[in-house]
Amino acid sequence: MSQSIFDTLSHLYSSLEIVNKNMDLENLKQQAATSAVDFVQSGMVIGLGSGSTVYHALLEIGKRVQNGMDILGIPTSLQTARIAESLGIPLSDLNCHRNLDLTIDGADEIDTNLNLIKGLGGALVREKITAEASQQLIIIADQSKIVPYLGQVSPLPVEVVKFGWKTTQDRISQFCPRVERRFEQSDVYITDNGNYILDCYFEKITQAAKTEIEINSLPGVVENGLFIDRVKLAIIGTKNGIQHQYKS
Ligand code: 5RP
């Protein structure tokens, strides 16, 4: 076999491997999402999280609504609102329904105590307010989100107001080695609330509860993506099946 055919074939095989891996991950997300939607009952007001895993939950809720399930969804982002609307899921907002039965949301990292980093999708402020208003928060994810400690793979997203954001960045930099304003392609990323996100690369977040409070006490910070002691159930799609992890 000539070198160029060999190169083409090995490129093709590695592309197929990536496609397969992504399909596997989507499958695991979908299984976790469907299992979470089994907790939804007619008559409930449901917080709808954001992200690619929640997308699968929205598809499933949409199907069940078409089959007569009567729920009201409270979206945590403009993107989720658009998708839910297109699926025929009836929507309202948190100011009309201040006590939610359940919220289903994704996560970027989940540690062994079911503490989380959220916000790579940029919706952390609305997600945290919605979680606060919910009787139960169910987190759905594929197995790649499980980490031994927070900060291992994901930066910690912090939403900050535009005014004086460099001062806010300097203050966070006093306890985080790398703090970068988020970009989307070549544009500065703007949240649904009209703010910036600072992605904070910690080597390891050892005292997550303290870090959550410390960051939020800085002027200019709206909220950060640490979700501490908020989750009682995480549903994880793994290669060996669905795992329901309960916080003891
Ligand atoms: C958005 C979030 C998402 O829940 C988180 O980023 C996970 O997203 P995905 O399911 O696409 O991995 O916090 O702000």
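**Burial, sheets and a ligand shell**

Me: Happy to start with proline 75 in this predicted model: is proline 75 buried or exposed?
Reply: Proline 75 has 28 C-beta neighbours inside 10 Å. The cut-off for burial is 20 or more, so with 28 neighbours proline 75 counts as buried.

Me: Which element holds proline 75, and which residues is proline 75 in contact with once neighbours within four places in sequence are left aside?
Reply: Proline 75 belongs to strand 2, residues 72-75. The C-alpha atom of isoleucine 46, 29 residues away along the chain, is separated from that of proline 75 by 8.6 Å. With the neighbours within four places in sequence set aside, the contacts of proline 75 are Leu48, Thr80, Ala81, Ala84 and Leu91.

Me: Nice. What is the order of the 4 strands in their open sheet?
Reply: The pairing in this open sheet is antiparallel. Strand 8 (178-181) and strand 12 (221-224) are its edges, each pairing on one side only, and the twist averages 25° from one strand to the next. Read across the sheet, the 4 strands come in the order 8-11-7-12.

Me: How many residues of strand 7 are buried?
Reply: Leu156, Val158 and Val160 point one way from the strand, while Pro157 and Glu159 point the other way, and all are buried. Strand 7 is accordingly described as mostly covered, and the count of buried residues is 5 of 5.

Me: On to the ligand. Which residues are the closest in the shell, and which elements give two or more residues to that shell?
Reply: The ligand is surrounded by 17 residues, the closest being Gly51, Ser52, Thr53, Gly106 and Gly121. By type, the shell divides into 4 nonpolar, 9 polar and 4 charged residues. The elements giving two or more residues are helix 2 (52-66) and helix 4.

Me: How far apart are the end C-alpha atoms of helix 2?
Reply: Helix 2 has 15 residues, and at 1.5 Å a residue these should span 21 Å.

Me: Which residues of helix 2 are buried, and which residue with a positive phi follows the helix?
Reply: The buried residues are Thr53, Val54, His56, Ala57, Leu58, Glu60 and Ile61. After helix 2 comes a residue with phi near 110°, and that residue is glycine 68.

Me: Is glutamine 185 buried or exposed?
Reply: Glutamine 185 sits in the loop between strand 9 (183-184) and strand 10 (187-188). Its phi is near 50°, a positive value in a residue other than glycine. Glutamine 185 has 5 C-beta neighbours inside 10 Å, so it counts as exposed.

Me: Is aspartate 229 buried or exposed?
Reply: Phi of aspartate 229 is near 55°, again positive in a residue other than glycine. Aspartate 229 lies in the loop between strand 13 (226-227) and strand 14 (233-238). Residues with 12 or fewer neighbours are exposed, so aspartate 229, with 12 C-beta neighbours inside 10 Å, counts as exposed.

Me: Since strand 13 came up, which residue there is the bridge partner of isoleucine 117?
Reply: An open antiparallel sheet of 3 strands has the order 4-5-13, with strand 4 (109-110) and strand 13 as its edges. Strand 5 (residues 116-117) pairs with strand 13 over 2 bridges. The partner of isoleucine 117 is leucine 226.

Me: Last one: what is the C-alpha to C-alpha separation of glutamine 41 and aspartate 101?
Reply: Glutamine 41 is in the loop between helix 1 (3-37) and strand 1 (45-48), and is exposed, with 12 other C-beta atoms within 10 Å. Glutamine 41 and aspartate 101 are 60 residues apart in sequence, and in space their C-alpha separation is 9.6 Å.

Note on methods. Residues numbered from 1 in each chain as written. Predicted model: local features only at pLDDT ≥ 70, side-chain atom pairs only at ≥ 80, totals over all residues. Pairing = 2+ DSSP bridges. Axes fitted to C-alpha atoms, helices over the stretch in contact; angles between N-to-C directions. Near = placed C-beta within 6 Å. Nonpolar A, V, L, I, M, F, W, Y, C, P; charged D, E, K, R; others polar. Expected span 1.5 Å × (residues − 1). Contact = placed C-beta atoms within 7 Å.
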